[in-house]
Amino acid sequence: VQLQASGGGLVQAGGSLRLSCTASGPTFRSYAMHWFRQAPGKEREFLAAISWSGRFTNYADSVKGRFTISRDNAKNTVYLQMNSLKPEDTAVYYCAAAQNIAATMYGMDYWGKGTLVTVSS
């Protein structure tokens, strides 16, 4: 599975962005999908995860209520809708695939290249 994230850019505080992560290969729908981010000088952190069916989701407390993860298995794509963005959301955002929605960062099977999100104050 190859993953390609897109949709990053520059946005003002309070604004919204939707990130996409498109996967190649027919096995996309068998993976739970995850979003992470890494800000300059900080460790990569978990943001959200969604089960293979889309039925179950999980969020980090830092983004709960502001970010929404979803997926479209017909399009081999997972999304991260980000609302009420804050300057501290500035980071490189990564999508990743794992067998389990509960997998930690170290349990990801595949990673995409990141997309940069910059939130100006």
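Predicted model: local features only at pLDDT ≥ 70, side-chain atom pairs only at ≥ 80, totals over all residues.
Which residue does the side chain of Arg-37 meet in a salt bridge at 2.6 Å, N to O? The partner is Glu-45.

Arg-37 is buried, with a relative accessible area of 6%. Glu-45 is partly exposed, at 30% relative accessibility.

Arg-37 also forms a salt bridge with Asp-89. Here the closest N and O atoms are 2.8 Å apart. Arg-37 lies in strand 4 (residues 32–38), and Asp-89 in the loop between strand 8 and strand 9, so the pair ties together parts that are 52 residues apart in sequence. Their C-alpha atoms are separated by 8.7 Å.

## The Asp-89 site

Asp-89 sits in the loop that runs between strand 8 (77–82) and strand 9 (91–98). Asp-89 counts as buried because its relative accessibility is 1%, and the cut-off for buried is under 20%.

Leaving aside residues up to four places away in sequence, Asp-89 touches Arg-37, Arg-66, Phe-67, Ser-84, Val-117 and Val-119. The Asp-89 side chain also has a polar atom 2.8 Å from the backbone nitrogen of Lys-86.

## Salt bridges overall

The count comes to four salt bridges. One of them joins the side chains of Lys-64 and Asp-61, at 3.3 Å from N to O. Asp-61 is exposed, with a relative accessible area of 66%. By contrast, Arg-37 and Asp-89 are both buried.

Salt bridges with shared partners link Arg-37, Glu-45, Arg-66 and Asp-89 into one network. Side chains of opposite charge can pair when their charged atoms come close.

Terms used:
Residues numbered from 1 in each chain as written. Heavy atoms only, no water. Helix = DSSP H or I, 4+ residues; strand = E, 2+ residues; numbered from the N terminus. Buried < 20%, exposed > 50% of the residue type's maximum accessible area, 1.4 Å probe, protein only. Contact = heavy atoms within 4.5 Å. Polar contact = N/O pair within 3.5 Å; in protein donor to acceptor, adjacent residues only side chain to side chain.
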